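I opened the notebook to look up a pocket, a ligand and some aromatic rings.

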Amino acid sequence: LPANEVAAVKDTWNHIKHDEVAILEAVFKAYPDIQARFPKFAGKSLDSIKGSADFAVHASRIVSFFSEYISFLGVENTQPAIKTILNELGQSHRNRGVTKAQFEEFHQALMSYLKSHNMWNADIAHAWDDAFDKMYFVVFSAL
Ligand code: HEM
């Protein structure tokens, strides 16, 4: 990723990375089929689960994963480490039957959240699309 895109991704991520629960809530609200994949959350109302410890733990796992991925962007010699964590993510989600279409839904939901909680423009959107493309290129190869 070019340096200006890395900066845009890091800056906008830093604005929302503490909204762990709100991010997962936004994803589940927009795409109930994602919620339905979770044995702990399937079939329950979002309002009844969003305050639970299980929900907070999972929200934190997802946000931490993105923080790790983003922390590697623009740093030299991190390609092998990035590839390893993305491959593991693809494999663990393949084992749960998660589809590429659902990963794309997740992408859309996270982008909407980012957009509504940051000063937004086309360059920032493009930077995030590149960051997701780079991420999903590896994840999908393992899915
Ligand atoms: C678990 C991250 C997308 C369903 C996890 C974990 C992480 C994670 C870090 C815990 C470690 C592991 O088991 O691998 C992410 C990221 C995503 C993503 C970064 C998008 C880029 C999705 C989608 C679905 C999904 C789209 C469903 C449609 C699950 C389920 C678990 C899980 C069911 C197991 C939860 C449990 O039983 O504790 N995810 N995930 N994930 N993820 Fe994802």
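How many residues of the lining of the largest pocket are nonpolar, how many polar and how many charged? I counted by class and got 17 nonpolar, four polar and seven charged residues. I note here that the model is predicted.

**Pocket**

I looked up the volume next. The largest pocket holds about 770 Å³ of space. Its lining is made of 28 residues, and F38, H58, I62, H93 and R96 are the closest to the centre.

Then I asked which helices supply the lining. At least two residues each come from α2 (20–30), α3 (32–35), α5 (53–72), α6 (79–94), α7 (100–116) and α8 (122–142). Which helix gives the largest share? I found α5, with seven residues.

**Iron**

I turned to the iron atom of the ligand and searched for protein donors. H93 is the only one, through NE2, at 2.0 Å. I placed H93 in helix α6. That helix is also among those that supply at least two lining residues.

I listed 17 residues around the ligand. The nearest are F38, H58, S92, H93 and R96. F38, H58, H93 and R96 were already in my entry on the pocket centre.

I then checked polar side-chain atoms against the ligand. Which distances came up for S92, H93 and R96?

- For S92, a polar side-chain atom lies 2.8 Å from a ligand oxygen atom.
- For H93, an N or O atom of the side chain is 2.8 Å from a ligand nitrogen atom.
- For R96, an N or O atom of the side chain is 2.5 Å from a ligand oxygen atom.

**Aromatic rings**

Last, I went through the ring pairs. I described each pair by the distance of the centres and the angle of the planes. The count comes to 14 aromatic pairs. Which residues do ring pairs link into a cluster? I wrote down W13, F66, F103, F106, W128, F132, Y136 and F140.

Definitions and conventions
Residues numbered from 1 in each chain as written. Predicted model: local features only at pLDDT ≥ 70, side-chain atom pairs only at ≥ 80, totals over all residues. Heavy atoms only, no water. 1 Å grid on protein atoms, 1.4 Å probe; cavity = no way out; pocket = protein on both sides within 12 Å on 5 of 7 lines; lining within 4 Å. Points joined across faces, edges and corners; volume = space filled by probe spheres on them. Helix = DSSP H or I, 4+ residues; strand = E, 2+ residues; numbered from the N terminus. Nonpolar A, V, L, I, M, F, W, Y, C, P; charged D, E, K, R; others polar. Donors = N, O, S within 2.8 Å, 3.2 Å for Na, K, Ca; no water. Phe/Tyr/Trp six-rings, centres within 6.5 Å; stacked < 30°, edge-to-face > 60°. Near = heavy atom within 4 Å. Polar contact = N/O pair within 3.5 Å; in protein donor to acceptor, adjacent residues only side chain to side chain.
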